[in-house]
Amino acid sequence: SDKDCLVVLDDVWSVDDVAVFDHLSGKCQLLITTRDAKVVRSSKGFVYELQFMAQDKSRALLYQSAGVEPDELSTFSPEMHQIVKELLKQCRGLPLALSLVGSNLIDTRLQQDWQDVLGYFQNAGLEQLHSQFPTVTYPYDNILAAIDASFQRLEKNEREKFLDFGPELQGKTSYRVHDLLLEFARQKLQASGTLADVQRVFVKILRGQCVNGEWTTTSSLSQRDYYFKYLPYHIFSSEQQSELIQLLFDFHWLEQKVKHTNFPSLISDFRFLDTPLQHEIKLLKKSLMLSADAIEKNPSSIGPQLLGRLLSYASDECPSVKKLLDDVRETSRKTCRLLPLFSCLKLEGAEIFKKNVGSQVWSLATCTTSTGTIVISGLHNGSIRIHELETGKELQVLEGHTNTVWCLALSHSQRHLASGSRDNTATIWNTDTFEQLKVLQVEGGDVNALDFSTDDQRLFTGSQDGKLTVWRVSTGERLDVIPAHDVAIMSLCTTKDGLYIATASWDHTIKLWRADTLNFEATLVGHTDVVGSVVAAGNDNPMLVSASWDGTLKIWDAKKHKEIHTLRGHEGKIYSVAVSSDTKRIISGGQDMIMRLWCFHTGELLSCFEGHSRPINSLSITSEKFKAVSGSSDGSFRVWNLDTSAHLKQDRSRGHSKSVIDIAVTHDGSRCVTASFDGFFKVWMCENEKECFTLKDLKGYPVNVAISADDRHVVSLSSNSSSSSIKVW
């Protein structure tokens, strides 16, 4: 702390590695060398792009790598010097390419050997290399050509040994030299059609390291993490689907997989199975997803969770499920004192899974990437988190805001993400790298709302002081600002035709503005309280849907400035609304903690989705069919299946429809009585889950239930607003 130092970090690949040095004091400076400019920008540093090496330095590096001494140069013929000149031209000043070429020539000064390396370079088949290594991932084809030239100079048996590394899966997103060599080997095998054969050999070797061939008994302790993470990938690549299915129905494997990796890694293994998924596979995957929260908190609970969800399917019609649960019982009896006797956890229904994110969720967006759909959540603690929709795996945490992230918006091209915060800033991010591109300082307090223009050239922000501001996305320049409302703008959107911007406000109104000039167009009046959310809908005929704290939703014709429908059903303030891309469905959520699904064209309430324990603040409908995401103050987001045909077909005549608040069991354990908020008492047979009787106290709601000592009578306590009653049945 009492010295001024220059700290040099050489060849850095990870943003996290730089973050460790964010605590330098005084006049200390940090110098970073990296192939990835994002690493420098993450530390708020200046980026200096280094040019490729000049020819004299390139020649010196080539000679150094080849071990050519200065006094040897006089023995080089003019033809040899010309070969060197061509090699330098092929390497184009890239040090790694020069080093690779030089290392291939370190043991020879024969002109023919140098000519051969040049020939390999010139005939490297760059079109094929480009197809194997997309430029968006690794742009330097001269490196690939240098690797190919090095590969061609290997003896045949050495080439075969090198390709044996091909099955290894590196699992990285950046290309270091090690990863590039692995990918090179893999693509060579792929092109020759032998990758699956090599993978089968590799899987056979892995099984040979297991006791009695059981996958969970591997003796390779040093490679245990790799083994449990990537074994399903290797079985998939060896084209052994039946083996992979057996693995996923092996409870010992599931238990060890979660223990040695994590829950998202287990769920991601299902992507290797042929689609559409078999019925039993669907049951297993859905059971795991619904139990995600419990298993992530306590991995050893995976056994009881599977029993609780799948016991009703353990029959001859589902032999794999039946065997799985037999193994669960046998294994879990040794570690668990309490195991379900029958299916007691919900499996059928709308909820796909729940993800705890550790802070209140105030904003949501969903985005389709090359690897699948991601969920982007803006949190109360100022961070933005990126998760896989399919597995719930956290991919990245974006840091930059210092207070609650109120709003998120994706550009129409999905190349940019904009976030608005209570810290008076809006930030623009690159959705490929999630690099922070621009930070916009907004005058006027919290940034409550934002959206992109239809051409993605401009960003509109709405702030706490009621001002609407326009920014140029490419430069972050403020283009215009108008006082749109006298009080806070709570939400805004651009209409589908791009002609208007709609701003929703604390003043109970929605205002329309010309997107090109910001001229006032109209005021939509109808709500009697704060309009918390407004979204665009329709294509040929631009529409708007608004959600208000008055407990209603309204559908508007944006061109005619006319209200079309009012939707009622919520009990309390509505904070968020979303519309499907085909303009057939609306979802809404708010203070009552229930997400509701509506028909856009008729305004009919189609379904209610319960699960959150605190208000729902944000909603998004994914581009994947029939899926929605809800974010809540309970610190979680939930993924739902909007295909109501699946969960509405359930037999709802059996069981309680609301929370069970008390239970009593007979002394011989044969029967039990339950009391529920739905107003009913029910008597059950414990052995076979059969519902025997339903009891209803017409004068109140159940509170407590007890069974007499001789198991002949039920005593119930019910209550209403004015009195309580005890009854004997």
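The expected span of a helix is 1.5 Å times one less than its number of residues. The exercises below concern a predicted model.

**Exercise 1.** Determine how the span of helix α3 (residues 55-66) relates to the expected value, and describe its surroundings.

*Solution.*
1. Helix α3 contains 12 residues, for which 16 Å is expected at 1.5 Å a residue.
2. From the first C-alpha to the last, α3 reaches 16 Å, close to that expectation.
3. The buried residues of α3 are S58, L61, L62, Y63, S65 and A66.
4. These buried residues pack against α4 (78-91), α5 (95-104) and α6 (111-122).
5. After α3 comes G67, with a positive phi near 75 degrees.

**Exercise 2.** Describe how helices α14 (residues 251-260) and α19 (residues 319-332) meet, and classify the residues in contact.

*Solution.*
1. The two axes come within 9 Å of each other and cross at roughly 60 degrees.
2. Helix α14 contributes F251, H252, L254 and E255 to the contact, while α19 contributes L324, D327, V328, T331 and S332.
3. Sorted by class, the contact of α14 with α19 comprises 4 nonpolar, 3 polar and 2 charged residues.

**Exercise 3.** Is N430 buried or exposed? Identify also the residues with which N430 is in contact.

*Solution.*
1. N430 belongs to strand β10 (residues 425-430).
2. Buried means under 20% relative accessible area.
3. N430 counts as buried because its relative accessibility is 18%.
4. The side chain of N430 reaches the backbone nitrogen of D432 at 2.6 Å.
5. When neighbours within four places in sequence are set aside, N430 is in contact with R415, E435 and L437.

Key
Residues numbered from 1 in each chain as written. Predicted model: local features only at pLDDT ≥ 70, side-chain atom pairs only at ≥ 80, totals over all residues. Heavy atoms only, no water. Axes fitted to C-alpha atoms, helices over the stretch in contact; angles between N-to-C directions. Helix = DSSP H or I, 4+ residues; strand = E, 2+ residues; numbered from the N terminus. Contact = heavy atoms within 4.5 Å. Nonpolar A, V, L, I, M, F, W, Y, C, P; charged D, E, K, R; others polar. Buried < 20%, exposed > 50% of the residue type's maximum accessible area, 1.4 Å probe, protein only. Polar contact = N/O pair within 3.5 Å; in protein donor to acceptor, adjacent residues only side chain to side chain.
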